[in-house]
Amino acid sequence: MEMKSLYIVRHAKAELPTFGENDFNRDLLPKGTHRAALIAQKLQAQLPATHEKTLVISSTANRAMQTAKIFCDILGYPVERIVWEPKVYEAHYLFLMKLLNDVSASYNYVLLFGHNPGVSDLVGYVTDRFANLKTAHAAYLELEEGIDYSLLSANTASLKNIITENS
């Protein structure tokens with residue numbers, strides 16, 4: 001079995017919430033768009049050019065969708081292949097893990113775009129290492145040898161790096 005990699009990405013910097021607008025509909029700020037593009041370019045060096053073995057899953061909240069599209073445009077991943085999952089919005093880390101447990105073993109790379117605290121808590125749970133993902137940052141995890149996504153659980157992955165604009 002080939003080694004499996006997981007990239008957990010928090011959405012980029014978005015508009016501040018207001019009383020008149022639904023949190024779900026907040027859009028990215030220009031600085032969020034810029035940082036997402038920078039981090040996606042760094043990630044591009046780690047991912048293979050071929051995407052048959054790559055799966056992208058994203059929350060359907062505007063800011064997560066916009067972040068996923070920026071990353072996919074830069075990575076050359078077809079936007080129409082993104083799996084849009086509304087339940088990722090405000091999801092508990094155990095729900096996110098269950099979602100990943102349903103990913104086919106045919107994929108070697110999974111990118112999950114979501115929200116805090118769920119995404120940071122997920123990193124901590126599966127790696128046993130504290131992580132507080134800032135906006136647009138990506139945690140790069142490798143699953144332990146012999147583990148595929150269906151077996152992902154506590155302490156079954158290693159946190160290799162948190163990809164930031166400074167890393």
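These exercises work through helix packing and salt bridges in a predicted model.

**Exercise 1.** Find the buried residues of α1 and state how they are arranged around the helix axis.

Solution. 
- Start with the helix itself. α1 covers residues 30-44, 15 residues in all. From first C-alpha to last, α1 reaches 21 Å, close to the 21 Å expected at 1.5 Å a residue.
- List the buried positions: G32, R35, A36, I39, A40 and L43.
- Look down the axis. The buried residues of α1 fall within an arc of 140°, so they line one face of the helix.
- Recall the geometry. An α-helix has 3.6 residues a turn, so residues three or four places apart point the same way.
- Check the other side of α1: P30, K31 and H34 are exposed there.
- Identify the cover. The buried residues of α1 are covered by elements including β1, α2, β4, β5 and β6.

**Exercise 2.** Which elements do the buried residues of α3 pack against?

Solution. 
- Take α3, residues 93-101. Its buried residues are Y93, L96, M97, L99, L100 and N101.
- Trace their partners: β1, β2, β4 and α4.

**Exercise 3.** Locate the salt bridge between D23 and R63 and say what it ties together.

Solution. 
- The two side chains meet at 3.0 Å, N to O.
- D23 lies in the loop between β1 and α1 and R63 in helix α2, so the pair ties together parts 40 residues apart in sequence.
- D23 is partly exposed at 23% relative accessible area; R63 is buried at 4%.
- Widen the view: D23, R26 and R63 are linked in a network of salt bridges.

**Exercise 4.** How far apart in the chain are R35 and E165, which meet in a salt bridge?

Solution. 
- The N to O distance is 3.1 Å.
- R35 sits in helix α1 and E165 in the segment after β6, 130 residues apart.
- R35 is buried, at 19%, and E165 is partly exposed, at 29%.

Note on methods
Residues numbered from 1 in each chain as written. Predicted model: local features only at pLDDT ≥ 70, side-chain atom pairs only at ≥ 80, totals over all residues. Heavy atoms only, no water. Buried < 20%, exposed > 50% of the residue type's maximum accessible area, 1.4 Å probe, protein only. Helix = DSSP H or I, 4+ residues; strand = E, 2+ residues; numbered from the N terminus. Contact = heavy atoms within 4.5 Å. Expected span 1.5 Å × (residues − 1). Arc of directions from axis to C-beta. Salt bridge = Lys/Arg side-chain N within 4 Å of Asp/Glu carboxyl O.
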